[in-house]
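Open the model in your viewer and keep the selection panel at hand. The stops below go from one residue out to a whole chain.

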2 protein chains.
Amino acid sequence: MTGRPSLRGIRVRPPAEVAADLEAAIAAIGPLDDVASARAAAHLDRLTKPPGSLGRLEEVVVTLAGITGRWDAPVAPAVIVIAAADHGVAARGVSAYPSAVTAQMVANFAGGGAAINALAATVEAGVVVVDVGVAGPPTAQAKDSRTTLVEARVRSGTGDLLAGPAMSTDETRQAIGIGLDVARGLVAGGTRVIGLGEMGIGNTTVASALVAACTGAPVEAVTGTGTGLDAAARTRKVTVIEDALARHAPDPSDPIATLGAIGGLGIACLVGVLLGAAAARVPVVLDGFITGAAALVAARLAPALPPRLIAAHRSVEPGHAIVLDHLGLRPLLDLDLRLGEGTGAALALGLLRAAAAARDGMATFADAGVSDRDATTGG
Amino acid sequence: MTGRPSLRGIRVRPPAEVAADLEAAIAAIGPLDDVASARAAAHLDRLTKPPGSLGRLEEVVVTLAGITGRWDAPVAPAVIVIAAADHGVAARGVSAYPSAVTAQMVANFAGGGAAINALAATVEAGVVVVDVGVAGPPTAQAKDSRTTLVEARVRSGTGDLLAGPAMSTDETRQAIGIGLDVARGLVAGGTRVIGLGEMGIGNTTVASALVAACTGAPVEAVTGTGTGLDAAARTRKVTVIEDALARHAPDPSDPIATLGAIGGLGIACLVGVLLGAAAARVPVVLDGFITGAAALVAARLAPALPPRLIAAHRSVEPGHAIVLDHLGLRPLLDLDLRLGEGTGAALALGLLRAAAAARDGMATFADAGVSDRDATTGG
């Protein structure tokens, strides 16, 4: 992994151009490759271990084969894509941190000082930070050798969703387009697994609204304490989300309009990454609640998407389990994480690497001269 | 990590000599260092993330500090110790595999072809295989560069626990002594975390009997399908265990006698590794059901032991949850593993490395110029 995939030249493109690419990506997302999965499963059963005894690691091997069409799907190079953007709604006191933290954390990612930088390094993954709509002055460049910064702002933060749509339909398409282009650039540069991450003060508010809109779940059930709200602030957050949904009455059968009304630019960018990666048969590792909300929206556009995703973990956010249920995904980890940034995805990449290492590195019963099962006891 | 810790000269020692060492190790196991834990927790709260948002990774950092007395406890070099031994009871059809597989798998470990070799490599851990009582010809030497083979047989397999005690009290002490010496050698060589693993056809039968004896849980509740028994073979296994417990009526307040009656040599060796590592304030990562049974026995000898242990995962074996409850440990992973060998411990080492990387690599709020919490919303 070079840590520096070629992502030069990514820019905000005309909405009509993106719309055509989006249709093409959606059309390219087909069913899993059952032949590759079966071949992977047969290979696993020849290795020196009781069949199935590596549990969910074996399931990961079979899933990666189905997604990629290769029984021995590579899991490196891997990259965590962090979509960063601000939300107009953040001014309404829905977060424990001020909006300025989004830009500050982008600078922290670029300097290599955030949790995701530390965790990605332990699994030899690169970090790509996409500024698709941060407010404030842009971060000049990445100083950390494993981190790439893509400056591609559609606008500097969304509008306040209580006063109008968070962004226009054209802006929504443009943010999706950035994600499609990031996925394309990464895949062209050799990236074989993409983990998703996000940064944006107000992200859980917007994700909760999207999840309520897409699933019909009550706002109360999908709204948590985010980065650490107290009970009064959480109640305010629930009210803001309910007011926003009452104002926009989003129609989940029109995912682009729903995304535009609620936001945000980062989630729209992740929708693009999800669809672009899936179209290229590259596995995507979800992180927590916000990347899950992006996947819900993306699955509304491309119903064949969910089996191409790997759920890294179950977050503390109460809406996350609802998201995972809707996507039909069972998370690999349950570690009480609630940071975002792709930290859970980075941890799950460690399990993908372990699964692939077992698949590729183990001896077979025949090669190792190990006796197979005793037929009198269950073999 | 060199992968070749110096373990030369380990040999079966006189039982009286071991008894003195064992008493010294037990006496050296004290409470956790709360000052170091508090310092680790305070450090975590200065890093650029909402307090507690890394969930169980933060808990791991605090636990490692308490065990070692260092707020920045190292997690490398790490080694997986696999205790390998055979059981007389294996002749009674309690496993899906023949007894010969134990020696064959030791050779497979030595050749680098087993799952644990592949998984340990992904977390840069060494593998130490201790032949404390395998039946059949010994494996000459390790060919894999990350693997060390320790030949220290107390005897070649235990006796059949339905016909008499699995081993004598002297043999039990000697096997514990091998474990104490392995822990001492590893710690002297610089190992900073020890993961436990085991290999031995019949191991789950013996572990189930020990867990029933130590916890009072019904045999039916602590007996699973091991490496893959069918229902009839599992019923036979339950009967064998019930008969063995009826014959020996083990007294859990005498853990050495209980271990001697039931076995096995590998579990006794793990008891020694547990106590030796804990006495040296080196964290031990448990694997699944069998290493958990060893920890239960060791905790009977040293009640201060359990907080010094990290539970890697919850195994498919039904008795494992009972073991973890008794030890007061919450596992990090739940991946439907049922292989043993230390594979779950190796995966958990990846989480320890991630936790330490976040602790050591992240910027503070002050250094990164990131704004801290907004006091109006819960800060």
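Leaving aside its neighbours within four places in sequence, which residues is B:Asp181 in contact with? Select B:Ile10, B:Arg11 and B:Arg13: B:Asp181 is in contact with these (contact means heavy atoms within 4.5 Å).

This is a predicted model, where local features need pLDDT of at least 70, side-chain atom pairs count only at pLDDT 80 or more, and totals for chains, interfaces and linings use all residues. Residues are numbered from 1 along each chain as its sequence is written, chains are lettered from A and ligands numbered from 1 in the order in which they are written, and side-chain values use heavy atoms, with hydrogens and water left out.

Stay on B:Asp181. Its place is in helix H6 of chain B, residues 169–188 (helices are DSSP runs of H or I, at least four residues, and strands runs of E, at least two, numbered from the N terminus). B:Asp181 counts as buried, at 11% relative accessibility (buried means under 20% relative accessible area, exposed over 50%, partly exposed in between, with a 1.4 Å probe and protein chains only).

Now select chain A. Colour by secondary structure: chain A has 15 helices and six strands. Its C-alpha atoms fill a box of roughly 70 × 40 × 40 Å along the principal axes. Of the 379 residues in chain A, 65% are buried.

Last, colour by pLDDT, the predictor's confidence in each residue, from 0 to 100. Chain A has a mean of 95, and 97% of its residues reach 70 or more. For the complex, the predictor gives an ipTM of 0.96 and a pTM of 0.97.
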